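This report describes how the elements of one chain are arranged and how some of their side chains meet. Please read it alongside the sequence and the coordinates.

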Amino acid sequence: MYYFKKLFLVIMLFSVLACGKYLPKYSGEAPREISRSEYLNYNFSLLDVTGKTWSLAKFKKKVVVIQFFSVACKVCIIEAKSYQKEIVDTNYPDIDIVGIAIRNTKEQVMEWQSTHQIRYPILLDEDGSVFDKFKRINAVPTLVFLTPERKVHLVEEGYKNPETLKAIANSII
């Protein structure tokens with residue numbers, strides 16, 4: 001039993017270290033609320049792995065959950081698989097999920113998506129420019145919840161299980 005506890009701690013440490021190199025540089029600023037005028041800068045256009053351009057306007061009048069992640073992040077894999085199973089595969093009616101892969105190549109993301117069978121849209125932020133616009137984000141995975149009117153409602157760092165995601169989305173509607 002002692003061996004398994006040590007192994008678990010080593011795996012957790014590795015996960016944190018693996019995700020850490022994809023984080024933005026800390027500017028020293030305290031987290032702050034996102035104003036309406038700042039939100040206008042978040043209306044981005046990114047390509048997916050097939051070359052299709054996506055913007056927030058492509059999503060219907062639902063709550064949009066943006067999942068910022070890195071293919072090297074083990075926790076991001078767990079999160080993505082749970083969202084695929086509990087939200088996407090069940091056609092949960094009030095949530096559109098879009099993943100944004102930060103500082104990963106198209107090939108890395110295609111392999112990641114295929115290996116883990118993730119079928120919701122994954123967009124490429126290869127230079128991290130969209131990720132860097134969200135000043136409050138300091139880690140991956142991070143979820144950004146947008147209202148049906150495309151206003152930033154909530155930014156949550158760390159893993160959120162599908163039930164928590166549904167509860168937050170339902171509180172927005």
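Are Phe 69 and Trp 112 buried or exposed? Phe 69 is buried, and Trp 112 is buried as well, where buried means under 20% relative accessible area, exposed means over 50%, and partly exposed lies in between, with a 1.4 Å probe and protein chains only.

The model is a predicted one, in which local features need pLDDT of at least 70 and side-chain atom pairs count only at pLDDT 80 or more, whereas totals for chains, interfaces and linings use all residues. Residues are numbered from 1 along each chain as its sequence is written, and side-chain values use heavy atoms, with hydrogens and water left out.

**Overall arrangement**

The protein chain contains six helices and seven strands, these being DSSP runs numbered from the N terminus, with helices (H or I) of at least four residues and strands (E) of at least two. Along the sequence their order is α-α-β-β-β-α-β-α-β-α-β-β-α. The protein chain has 173 residues, of which 45% count as buried. Among the contacts with a separation of 6 or more, 68% come from residues 24 or more positions apart, a contact meaning heavy atoms within 4.5 Å.

**Aromatic pairs**

A pair of aromatic rings is described by the distance of the centres and the angle of the planes. Searching the whole structure gives two aromatic pairs, on the criterion that rings of Phe, Tyr and Trp (its six-membered ring) pair if their centres lie within 6.5 Å, with planes under 30 degrees apart counted as stacked, over 60 as edge-to-face and the rest as tilted. One of them joins Phe 68 and Phe 131 in an edge-to-face arrangement, at 5.5 Å centre to centre and with 65° between the planes. This pair links distant parts of the chain, since Phe 68 belongs to strand E3 (residues 63-69) and Phe 131 to helix H5 (residues 129-133), 63 residues apart. Both Phe 68 and Phe 131 are buried. In the other pair, the ring centres of Phe 69 and Trp 112 are 4.5 Å apart and the planes are at 25°, so the pair is stacked. Here too distant parts of the chain are linked, with Phe 69 in strand E3 and Trp 112 in helix H4 (residues 106-116), 43 residues apart.

**Packing of H3 and H6**

Two packed helices are described by the angle between their axes and the distance between the axes. The axes of helix H3 (residues 74-88) and helix H6 (residues 162-172) come within 9 Å and cross at roughly 55°, where axes are lines fitted to C-alpha atoms, for helices over the stretch in contact, and angles run from 0 to 180 degrees between N-to-C directions. H3 and H6 are therefore oblique to each other, given that angles under 35 degrees count as roughly parallel, over 145 as roughly antiparallel, 65 to 115 as roughly perpendicular and the rest as oblique. On the side of H3, Ser 82, Tyr 83, Glu 86 and Ile 87 take part in the contact, and they meet Pro 162, Glu 163, Leu 165 and Lys 166 of H6.

**Backbone features and selected residues**

Val 140 and Pro 141 are joined by a cis peptide bond with omega about 0°, and Pro 141 sits in the loop between H5 and strand E6 (142-146). Ile 137 is also placed in the loop between H5 and E6, and at 3% relative accessibility Ile 137 counts as buried.

Arg 103 is placed in the loop between strand E4 (95-102) and H4, while Gln 117 is found in the loop between H4 and strand E5 (122-125).

Within helix H4 itself lies Gln 113, which at 13% relative accessibility counts as buried. Not counting residues up to four places away in sequence, Gln 113 touches Val 49, Ile 118, Tyr 120 and Ile 122. Gln 113 and Ile 77 are 36 residues apart in sequence, with a C-alpha to C-alpha distance of 9.7 Å. Ile 78, in helix H3, counts as exposed at 53% relative accessibility.
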